[in-house]
Amino acid sequence: MDNECYLHKAKYVMLETRLLNTGLAKKVWSCSTMNTNELCGNNCNLFVGGFKDLGTVVKLLQEDLGGVRLFGYKLHNDRIEFGEMKDFDEIPTTVADIQKPGYFRISSTGYRFRHSFSSPKAFLLPPEHSILTVSQGYEIVEDGDGEMGVVFLGIKPCDRKAMSILDGILYGKSPVYTKRRDSIKAIIVEECLEPGETCFCSAVKAGPTISSGFDIAYARLYKDTLVFKYGSSLGEKILVKAGLQKAQDSHVKAYFEMVANAISMMNSRISRVEELQKALKERIGDKSFWEKVSSNCVGCGNCNYVCPTCFCTEINDIVEEGYSKRIGMWLGCLTYTYGLVAGGHFRQELYTRYRHFVLHKFLFYPKQVGDVGCVGCGRCITWCPLGVDLRDTLNLLVEGGTR
Amino acid sequence: MKVELQKDNYTANPFVFRKALVVNKVEEAPGIYTYFLKFDGEFKILPGQFNMLYVYGLGEVPISLSNLPIFRNGYTLLEHTVRVMGAVTKAITLGLGIGSFIGIRGPYGNGWPLKDAEGRDITIVGGGIGIAPLRPIIKYVEREREKFGRMNILLGARTPRDMPYKYELDKYGAILNTKLLLSSDTPADGWVHHVGFVTDLINNIDVNIKNSVVFVCGPEVMMRVAVKKLLGRGFRKEDIYLSLERRMRCGIGVCGTCQFGHYFVCRDGPVFRYSDIEDYLWVEGI
Ligand SMILES: Cc1cc2nc3c(=O)[nH]c(=O)nc-3n(C[C@H](O)[C@H](O)[C@H](O)COP(=O)(O)OP(=O)(O)OC[C@H]3O[C@@H](n4cnc5c(N)ncnc54)[C@H](O)[C@@H]3O)c2cc1C
Ligand code: SF4
Ligand code: SF4
Ligand code: FES
């Protein structure tokens, strides 16, 4: 490794980084000016191609893995959802999204979309999933859904990190999650060069680029110019097989500039996480603060359902034809039923439920899985019918209620 | 994130329960019944742990172990004391007689730290149905009497009639080196014990405070008052243990609904050392 980083004109150094999905240490070459989560983790080893090449890459990957199904973002009823794709070209390439607090529209001018309303969580922990089927005589009728192999195509770095967070909570414990997680045979990530209005992934170290936990990543530089990189030996093999060209200096430069712009724009949207955590600890019992920041919330739970890291579920028994089906269903902590029990309620007042959502993401996940549980995707902001903006809450927290 | 993927992590479905037979049912107090459940195979469960009891077509409820388990001739006999509250507990208490079946999975939770309590004095503070999870401690200390120091047992109920295990309370008081203190929130004919809250009795505890553990279970308000009084009497934060209750749907740390601060009560609790939860216990609705 004798070359230097193109962007920073600095030497490469050997760094130890933690792999997102396994927590294992791994040595990588990195630009000496960057930390391990930033840009140059992959030797600036970029390739260039178009959507046609992405198609080739996907096809080669499918051949290599054999009989895998594709899951990714696609257009559905004027919004973008995460779901099974017939083919790679279902990725929206000729529309853009416009996102604001409480607002989402698809626009035909532009070619970049940010995030879907549903995340990979919808695959990994379906909104309704079978847990057990029981007969009236208390015998258990197991119903396993057969083996499957899946490729995630084009998921965003924020959603990839959300998977690692869910792994920390559910992997090896929740049967449905574990099985579906194990079915993922390869991950292709689409990096974001122009974040949306509600995004703040870089401020929580979840994007807009990715340095580990993927096989292949690409970023859309211009309309049909993509830069590719690999993150695993499988990814390397496929990119080489696809015969992609090495990126030229101009591509590399443009890529890094766009990334740097995206980061600086998003980082200014919330305060530093360490400051937020300190303020949250101090404000934990400040009822009037939490009442104020939750005053527009109606407790619908939309934020929970679109959040890629919210995982709470309830179990309902549905009796049909002499059997009781025990069904796991998403349950939002913002909704009234969450803490409701006969003869009481553990979080009756709405402010306590809104507070739990915020505390969980920023104070409790770090203790539960070792990292902040918010990946800055902004979904809770976009899809809140009232436009309640998590960033406002976070900023008020640090500014001491002046905004 | 210390998760190793693809490492044989998918094992048996943890939601699968065992089918248990109700072999006896005892009415303890109005709306409170103790069930004796029998099923095949050995089942290891400790005082302070709980099981999820399943009623066909309705759902599951977390219920604590209320007596030491018995393993005999290849089967297990467990006791659970259930108070009628909502849908599932109503179905259990009204619908489930001797000879009926029920689903049971567990054991869950950490249990009372009885090993750490060896060689020390023990205080038990229980209110209402909260006495149920404390009862196995009393039975255990009785069985292993020489391992522990003095024992003080403080039990309270709304009225004398609401007190569970009335038929054996005298036996608790007769355990060697044990003081039993009872209280009723309301006065009643023939009640010779304290009238007021069970936490009032903390003033009368007669143990070596410096070498003690305290086990508390009851409604959360009562536990908070107990903590205040115990600290006031000089007990150390680290020596006070509370068994908490939260809405539980899975018991195995995946449904998320039992969270109390950053803890999953089903997995990290239900028994907590007060010093580990002091940041949360006083925050309403945390
Ligand atoms: C660790 C633990 C141990 C417990 N031990 C006992 C015991 O030994 N004896 C006893 O009588 N009660 C005990 N409880 C309380 C008991 O679980 C509830 O009273 C019971 O779940 C009420 O269910 P329900 O269906 O009657 O009420 P509903 O409110 O109609 O219940 C619907 C569902 O809510 C859940 N739920 C309701 N209330 C509670 C609650 N207070 N805590 C947790 N989940 C709840 C259950 O999953 C139930 O299926 C314990 C609770 C916990 C958390
Ligand atoms: S913050 Fe918005 S989306 Fe979330 S519960 Fe409140 S109103 Fe619903
Ligand atoms: S809390 Fe909001 S911004 Fe953060 S990960 Fe969840 S949906 Fe995205
Ligand atoms: S009861 Fe489901 S996580 Fe604790």
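## Salt bridges, a kinked helix and a ligand shell

In chain B, B:Glu144 and B:Lys147 are joined by a salt bridge between their side chains, with 2.8 Å from N to O. B:Glu144 counts as buried at 17% relative accessibility, while B:Lys147, at 29%, counts as partly exposed. Salt bridges with shared partners also connect A:Asp317, A:Arg326, B:Glu60 and B:Arg105 in one network. The model is predicted, and the count over all chains comes to 41 salt bridges.

| Salt bridge | Closest N and O atoms | Relative accessibility |
|---|---|---|
| A:Asp64 with A:Lys237 | 2.9 Å | A:Asp64 31%, A:Lys237 41% |
| A:Arg379 with A:Asp159 | 2.8 Å | A:Arg379 0%, A:Asp159 1% |

A:Asp64 forms its salt bridge with A:Lys237. This pair links helix α1 (residues 51-65) to helix α5 (residues 233-241) of chain A, and its partners are 173 residues apart. A:Arg379 pairs with A:Asp159.

Helix α10 of chain A, residues 350-369, has a kink of about 55° centred on A:His360. Because 17 of its 20 residues are buried, α10(A) is largely enclosed by the rest of the structure. After α10(A) comes A:Gly370, which has a positive phi near 85°.

Ligand 3 has 13 residues around it, and those that come nearest are A:Cys307, A:Cys374, A:Cys377, A:Gly378 and A:Cys380. Helices α10 and α11 (379-382) of chain A are the elements that give two or more residues to this shell. The shell around ligand 3 is made up of nine nonpolar, two polar and two charged residues.

Methods: Residues numbered from 1 in each chain as written. Chains lettered and ligands numbered in written order. Predicted model: local features only at pLDDT ≥ 70, side-chain atom pairs only at ≥ 80, totals over all residues. Heavy atoms only, no water. Bend = angle between axes of the 7 residues up to and from the residue. Helix = DSSP H or I, 4+ residues; strand = E, 2+ residues; numbered from the N terminus. Buried < 20%, exposed > 50% of the residue type's maximum accessible area, 1.4 Å probe, protein only. Near = heavy atom within 4 Å. Nonpolar A, V, L, I, M, F, W, Y, C, P; charged D, E, K, R; others polar. Salt bridge = Lys/Arg side-chain N within 4 Å of Asp/Glu carboxyl O.
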